[in-house]
Amino acid sequence: MLADVVDADDVPVHQARVLDQSLGGYRLAWEHADHIRARVGELVGLTLAADDEQPEWMLGVIRWLRYEDNG
């Protein structure tokens, strides 16, 4: 069985702000979370590179989500 090939142009990219970082992972905040369709258990790619830098990607999994009153 062959795996489906994913076109990198079809993968959504969203910027987030790092609120906290520990050995357990990162706590992030998205500015427009209503446009994000993330779910617990999904894999995510993270990079801390600036827009003009070549990104080095890390692979992570969403362990929990919290929606706050301010969005």
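Glu-42 is partly exposed, its relative accessible area being 26%, where partly exposed denotes the range between buried (under 20% relative accessible area) and exposed (over 50%), calculated with a 1.4 Å probe and protein chains only. The structure described here is a predicted model, in which local features need pLDDT of at least 70 and side-chain atom pairs count only at pLDDT 80 or more, whereas totals for chains, interfaces and linings use all residues. Residues are numbered from 1 along each chain as its sequence is written, and side-chain values use heavy atoms, with hydrogens and water left out.

Glu-42 forms a salt bridge with Arg-39, and the closest N and O atoms of the pair are 3.6 Å apart; a salt bridge is defined as a side-chain nitrogen of Lys or Arg within 4 Å of a carboxyl oxygen of Asp or Glu. Arg-39 is exposed, with a relative accessibility of 56%. A search of the whole structure returns 1 salt bridge.

The secondary structure consists of 4 strands and 0 helices, and the order of elements from the N terminus is β-β-β-β; helices (H or I, at least four residues) and strands (E, at least two) are DSSP runs, numbered from the N terminus. Confidence is expressed as pLDDT, the predictor's confidence in each residue on a scale from 0 to 100. The protein has an average pLDDT of 82, and 86% of the residues score at least 70. Among the elements, the lowest mean pLDDT, 87, belongs to strand E2 (residues 25-30), and the highest, 91, to E4.

The loop between strand E3 (43-46) and strand E4 (58-61) contains Leu-48, which is exposed at a relative accessible area of 58%. Together with Val-18, Tyr-26, Leu-28 and Met-58, Leu-48 makes a nonpolar surface patch of about 400 Å². Such patches are made of residues with over 30% relative accessible area and no salt bridge, like charges being joined within 9 Å and nonpolar side chains (Val, Leu, Ile, Met, Phe, Trp, Tyr) within 5 Å. Pro-55 also lies in the loop between E3 and E4 and is partly exposed, at 29% relative accessibility. When residues up to four places away in sequence are not counted, Pro-55 touches Thr-47 and Ala-49, a contact being heavy atoms within 4.5 Å.

For the protein as a whole, 8% of the 71 residues count as buried. The accessible surface comes to about 6900 Å², with 51% belonging to carbon and sulfur atoms; accessible areas come from the Shrake-Rupley method with a 1.4 Å probe, and for residues only the protein chains shown count as cover.
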